[in-house]
Amino acid sequence: MSSGVGVDLENMWIKFGDFVAVRDANVNIKGGDFFSFLGPSGCGKTTILRAVSGFLDPSEGNILIGGKNMVGKGPNERPTALIFQNLALFPLMKVWENITFSMEVRGAGRAERQKRADELLEMIALPDQCDKLPSELSGGQKQRVAIARALCAQPDVLLLDEPLSALDLKLRQHMRTELREIQQRVGITFIYITHDQGEALTMSDSVAVMREGTIDQIAKGKSIYDDPSTAFVASFVGENNVFRGKVNSITNGHAIISTNRSGELRARVSSAASGTLKVGDDSMMFIRPEALNIAEKNSDTHNNIVAKVRHSEFEGQSYNVFLEGSEGKEMKMALINRGEARLYDPGVELVLEYDANQAVALPAGELASE
Amino acid sequence: MKKGILEEYFRRNGKLMGWGLLLAVGFWVVVLIILPQISMLDFSFRNHLPPPEIGGPKDTYTLANYQYLIFGAQGNEEGYNKVDLLVFVRTLVAAAFVTILDLLLCYPIAYYLGQSKGGGYVRILVLLLIIPYWINEILRAFAFRIIFGDSGVINEFMLLFGLIDSPVDFIRANIALYAGLGYAYILLMIFPIYNVIESLDRNQIEAARDMGASWTMIHRRVVIPYAKPGISSGCTMVFMLSAGALAAPQILGGPSSLWFTQLIYQWFNQGGNWTQGSAYAVVLLVTCIIIVLSVMRLFKVNMGDIGK
């Protein structure tokens, strides 16, 4: 197994007329990694994928695959294979013909192609389906055929454009695991595009979060979630309670923020903002719903919030409690279901506490719209 | 069961509307399509008689009209009706040629129209294709005659640029006829193909390109198989209509080249021999249907696909 071929984007800009789709992207994707671009629709992630696959060229900057500059080369001259969002299987070709289309293009004989198709069908756990038409397969099976078709060309880099978005929840979760397994088995670089943070976090070695053409953060999933580098990342990836305010003081990497409505609160300064976030700056502080807890009493140590219950929901694994702080500040708390009843009546007043290490202080910035 | 369907039909459309529709469709199918064809068929097997003798003892069924097409008049020394058979074959070959010409011309246009999602100017292009058809068919044929004439635009241009020394006789060479027929049915070829290609997922083309397929490969393996119903529908219509065309061959045909429909026309109108004309018409119709069905079989197209 090779160690995989890396992909580098160097100062890449993509413009359509006056519209900047991708702004100065700098990404180093290690060979053999599962790398995701995560962002809301229209953020430019699909544009990046099309640039890597060769369907469009960047306006500026370079795309290197295995160290070789690919700008100006067509999709058929690059060692990449693309899996489309709608899979784009050929409806009139049988499964084996679909899978081995890249071999047919190169002029391989029928026997050779059928042998290879059998191998690949074995790998994706779909033996004996080679003579079916795509329309006779289920959603998950089509998915796997699309993967096999892409792998048949033996690409160095596999590009996936939200391929799971058409599947139902259960199958999607199953395919995540399967995709990850396939990736580890073939050992090639996967570049995955998604707006679903669950997919990005579960499968990827690294995630790049994009906002309106700009890459806000590139990091491992855990860092993206726990140590976001911008307000956008904090609000887009997972759920977060936002507290706006000004930085009151900073000591040992922790800031006290005087929030607009919830008093003074303590939070860890995000590593991306350490050194740049100064006393007096406009700031945003983020606390995840699951980081909030119910305190025994209000100890007044800058990590307590008093709030009234608005309503609560039972979600199975957890209870979601929707709260209203002073001046109508809305908050959400998630409590793990440990068997005891934790549905609170509306109007009950609670004191919340959190670990300041789990709260993140960032410079004020644009939030992800719901 | 059958009653159930009818009841359901009337329940959905109402009594008045239901009967109205049934009568209209029935009238159209029976009176305008089936009865004329049957009477044509009946005519073709009868003797050509002066009006007083119709219904008399001589009015019997006969194969004489068909015999005439194949063997010519009695006492014909050549054995076969060479002239008419030659016209018949030439008409079919020319119609096939026009069909292929139209297909070659229209496939790229239809592909372009179907795959470019750029709304505005595609609509203008379609309009530009349609507007000429507001002009009467006969006028259009005469316009072609003028364009292709000895002192027509094409000859004038070629003379002007010194491409030729003396005017080319496009009419005698039947070039004007093929061009006129081809042009007459262009839309019938473009639109069925355009309709199908429009629904082809662009990603399939890109996927094929991503896997290294050349343009010919993409068309051969992805686009054409997908567009086959549209292609066969277009080809069927163009072939049938070219083989059955009358005005264009009349106006644009060279002096020495008759179209089979012109023979039929002559039997009916100049010869006054309706029974003979009917036999010729039936032969043309049946042959065309057989050709179309065999070609469809050859390319594995189902009847149902054509309606798509």
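Two strands pair if DSSP finds at least two bridges between them. Strand β17 (residues 318-324) of chain A and β18(A) meet this condition in the antiparallel sense, over seven bridges. This is a predicted model, in which local features need pLDDT of at least 70 and side-chain atom pairs count only at pLDDT 80 or more, while totals for chains, interfaces and linings use all residues. Residues are numbered from 1 along each chain as its sequence is written, and chains are lettered from A and ligands numbered from 1 in the order in which they are written.

**Chain A overall**
- Chain A contains nine helices and 20 strands; helices (H or I, at least four residues) and strands (E, at least two) are DSSP runs, numbered from the N terminus.
- Along the principal axes, the C-alpha atoms of chain A fill a box of roughly 75 × 50 × 35 Å.
- Of its 370 residues, 42% count as buried, that is, with 20 or more other C-beta atoms within 10 Å of their own; 12 or fewer makes a residue exposed, anything in between partly exposed, and C-beta atoms are placed from the backbone.
- Two residues are in contact if their C-beta atoms, placed from the backbone, lie within 7 Å. Among contacts in chain A between residues at least 6 apart in sequence, 66% join residues at least 24 apart.

**The sheet with β17 and β18 of chain A**
- Five strands of chain A form an open antiparallel sheet in the order β15-β19-β16-β17-β18.
- β15 (293-294) and β18 (330-336) of chain A each have a single partner strand, so one side of each is left without a neighbour in the sheet.
- A:S318 has A:I336, in β18(A), as its bridge partner.

**A:G61**
- A:G61 lies in strand β4 (residues 60-65) of chain A.
- A:G61 is partly exposed because 17 other C-beta atoms lie within 10 Å.
- Beyond its neighbours within four places in sequence, A:G61 is in contact with A:L9, A:E10, A:N11, A:M12 and A:W13.
- The C-alpha atoms of A:G61 and A:R261, 200 residues apart along the chain, are separated by 45 Å.

**Chain A against chain B**
- 16 residues of chain A are in contact with 15 residues of chain B.
- On the side of chain A that touches chain B, β6 (80-83) and α3 (101-105) of chain A each supply at least two residues, and α3(A) gives the most, with three residues.
- By class, that side of chain A has 11 nonpolar, four polar and one charged residues; Ala, Val, Leu, Ile, Met, Phe, Trp, Tyr, Cys and Pro count as nonpolar, Asp, Glu, Lys and Arg as charged, and the others, Gly among them, as polar.
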